[in-house]
Amino acid sequence: REMMLDQVSRELANLGPDAEVGRIETILDQHFGSVVSDVQTVKCVLSNLGKSKRAVQLGNLLGCLRQRGLKQDTYLASVSITACRQACEWGLALDILQNAVADHVELDTITYNATVSACDKG
């Protein structure tokens, strides 16, 4: 499973910053089918994109997943913001935080600390 997650992360990272949502969806469908139902997989892919400093692709993936109906939770927000910190993308971290607040996600200290850290590192 880990090899598959790495492969998906690489494919998404290789799309480039202007990747169309349709291309992202194609990759997700090829590997997972209904990836939205597997939140743990989503978190792993987001984390991998952050570690490889692919914040733009991370943001594109989040947008695609939101369109597919993925409901953000505290942990998903924290993972996404931490990935932004790793990629030095403080603006995207703030966007994710803003979306979480708009979605009425109960945020915790970890999420806020990750956001502050992303802003500090960016």
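Me: Which residues of helix 3 meet helix 4, and which residues of helix 4 do they meet?
Reply: In this predicted model, Val 42, Val 45, Leu 46, Leu 49 and Gly 50 of helix 3 meet Gln 57, Leu 58, Leu 61, Leu 62 and Leu 65 of helix 4. Contact means heavy atoms within 4.5 Å. Helices (H or I, at least four residues) and strands (E, at least two) are DSSP runs, numbered from the N terminus.

Me: At what angle do helix 3 and helix 4 cross?
Reply: Their axes cross at roughly 160 degrees and come within 9 Å. Axes are lines fitted to C-alpha atoms, for helices over the stretch in contact, and angles run from 0 to 180 degrees between N-to-C directions. Helix 3 and helix 4 are therefore roughly antiparallel to each other. For such angles, under 35 degrees counts as roughly parallel, over 145 as roughly antiparallel, 65 to 115 as roughly perpendicular and the rest as oblique.

Me: And helix 3 with helix 5: parallel or antiparallel?
Reply: Helix 3 and helix 5 are roughly parallel. Helix 3 (residues 39–51) packs against helix 5 (residues 74–86) at an angle of about 15 degrees, and the axes are 7 Å apart.

Me: Which residues of helix 3 and helix 5 meet?
Reply: On helix 3 they are Val 42, Lys 43, Leu 46, Ser 47, Gly 50 and Lys 51, and on helix 5 they are Tyr 75, Leu 76, Val 79, Ser 80, Ala 83 and Gln 86. This contact of helix 3 with helix 5 divides into 6 nonpolar, 4 polar and 2 charged residues.

Me: Is Ser 80 buried or exposed?
Reply: Ser 80, in helix 5, is buried, because its relative accessibility is 0%. Buried means under 20% relative accessible area, exposed over 50%, and partly exposed in between (1.4 Å probe, protein chains only). Leaving aside neighbours within four places in sequence, Ser 80 touches Leu 46, Leu 58, Leu 62 and Ile 96.

Me: What does helix 5 present to helix 6?
Reply: Ala 77, Ser 80, Ile 81 and Cys 84 of helix 5 meet Leu 92, Ala 93, Ile 96, Leu 97 and Ala 100 of helix 6. Those residues divide into 8 nonpolar, 1 polar and no charged. The axes of helix 5 and helix 6 cross at roughly 165 degrees and come within 8 Å, which makes the two helices roughly antiparallel.

Me: Turning to the loops, where does Gln 72 lie?
Reply: Gln 72 lies in the loop between helix 4 (55–67) and helix 5. Gln 72 is buried, with a relative accessible area of 16%. Not counting residues up to four places away in sequence, Gln 72 touches Arg 66, Ala 77, Ile 96, Asn 99, Ala 100, Asp 103 and Val 105.

Me: Which loop holds His 104, then?
Reply: His 104 is in the loop between helix 6 and helix 7 (109–121). Its phi is positive, about 60 degrees, although the residue is not a glycine. His 104 is exposed, at a relative accessible area of 71%.

Me: What about Cys 88: what is its phi?
Reply: Phi of Cys 88 is near 60 degrees, a positive value in a residue other than glycine. Cys 88 sits in the loop between helix 5 and helix 6 and is partly exposed, with a relative accessible area of 33%.

Me: How many helices and strands are there overall?
Reply: The protein has 7 helices and 0 strands. Of its 122 residues, 42% count as buried.

Me: Where is confidence lowest, and where is it highest?
Reply: Confidence is lowest in helix 2 (residues 21–32), at a mean of 75, and highest in helix 6 (residues 90–102), at 92. The protein averages a pLDDT of 80, and 89% of the residues score at least 70. The pLDDT is the predictor's confidence in each residue, from 0 to 100.

Me: What should I keep in mind about numbering and cut-offs?
Reply: Residues are numbered from 1 along each chain as its sequence is written, and side-chain values use heavy atoms, with hydrogens and water left out. As this is a predicted model, local features need pLDDT of at least 70 and side-chain atom pairs count only at pLDDT 80 or more, while totals for chains, interfaces and linings use all residues.

How values were computed: Nonpolar A, V, L, I, M, F, W, Y, C, P; charged D, E, K, R; others polar.
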